[in-house]
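This report describes the architecture of one protein and the surroundings of selected residues.

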Amino acid sequence: MRLTRGWSIFLTLVGVWTWVIWPRFAVAIWNDPRAWAGGVVGQGAPTSFLWVHALLIAASLAIGTTVGILGIRAWRATRQPE
């Protein structure tokens, strides 16, 4: 199956977008007092709030990376003669 260049670019941009957005969200979660049992950033044990968001961030980065790689591979396939 070959994708068009438009879809290849779209998938690649989704991968890039994932790496732009989610690390910033990770920093925001880390700096949220709800992420720490002590109520102060970095003090006390991590709460389930932090762990759930860390899992969501990791899954999103993995999916975004996969989509981006597929987009790059699809782009390269459009450049090759059939």
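## Basis of the model

The model is predicted: local features need pLDDT of at least 70, side-chain atom pairs count only at pLDDT 80 or more, and totals for chains, interfaces and linings use all residues. Residues are numbered from 1 along each chain as its sequence is written, and side-chain values use heavy atoms, with hydrogens and water left out.

## Overall form

The protein has 2 helices and 0 strands; helices (H or I, at least four residues) and strands (E, at least two) are DSSP runs, numbered from the N terminus. Its radius of gyration is 18 Å, well over the 12 Å that the globule rule gives for 82 residues, so the protein is more spread out than a compact globule. That radius is taken over C-alpha atoms, and the globule rule is 2.2 Å times the number of residues to the power 0.38. Along the principal axes, the C-alpha atoms fill a box of roughly 60 × 15 × 10 Å.

Of the 82 residues, 22% are buried, where buried means under 20% relative accessible area, exposed over 50%, and partly exposed in between (1.4 Å probe, protein chains only). The accessible surface comes to about 6000 Å², and carbon and sulfur atoms contribute 70% of that surface. Accessible areas come from the Shrake-Rupley method with a 1.4 Å probe; for residues, only the protein chains shown count as cover. Among contacts with a separation of 6 or more, 54% join residues 24 or more positions apart, a contact meaning heavy atoms within 4.5 Å.

## The helix pair

Helix α1 spans residues 5-30 and helix α2 residues 48-79; the two pack at an angle of about 160°, with their axes 7 Å apart. This angle makes α1 roughly antiparallel to α2. Angles under 35 degrees count as roughly parallel, over 145 as roughly antiparallel, 65 to 115 as roughly perpendicular and the rest as oblique. Axes are lines fitted to C-alpha atoms, for helices over the stretch in contact, and angles run from 0 to 180 degrees between N-to-C directions.

## Residues of the helices

Threonine 18 lies in helix α1 and is buried, with a relative accessible area of 7%. Beyond four places in sequence, threonine 18 touches Pro23, Ser60, Leu61 and Gly64. Isoleucine 21, also placed in α1, is partly exposed at 30% relative accessibility. The C-alpha atoms of isoleucine 21 and leucine 61 are 9.6 Å apart, although 40 residues separate them in sequence.

Glycine 6 belongs to α1 and is partly exposed, its relative accessible area being 48%. Between glycine 6 and threonine 65, which are 59 residues apart along the chain, the C-alpha separation is 18 Å. In helix α2, histidine 53 counts as buried at 18% relative accessibility. Apart from neighbours within four places in sequence, histidine 53 is in contact with Phe25 and Ile29.

## The loop

Glutamine 43 is found in the loop between α1 and α2 and counts as partly exposed at 48% relative accessibility. Leaving out residues up to four places away in sequence, glutamine 43 touches Trp36, Ala37 and Gly38. Proline 33 is 10 residues from glutamine 43 in sequence, and their C-alpha atoms are 9.1 Å apart.
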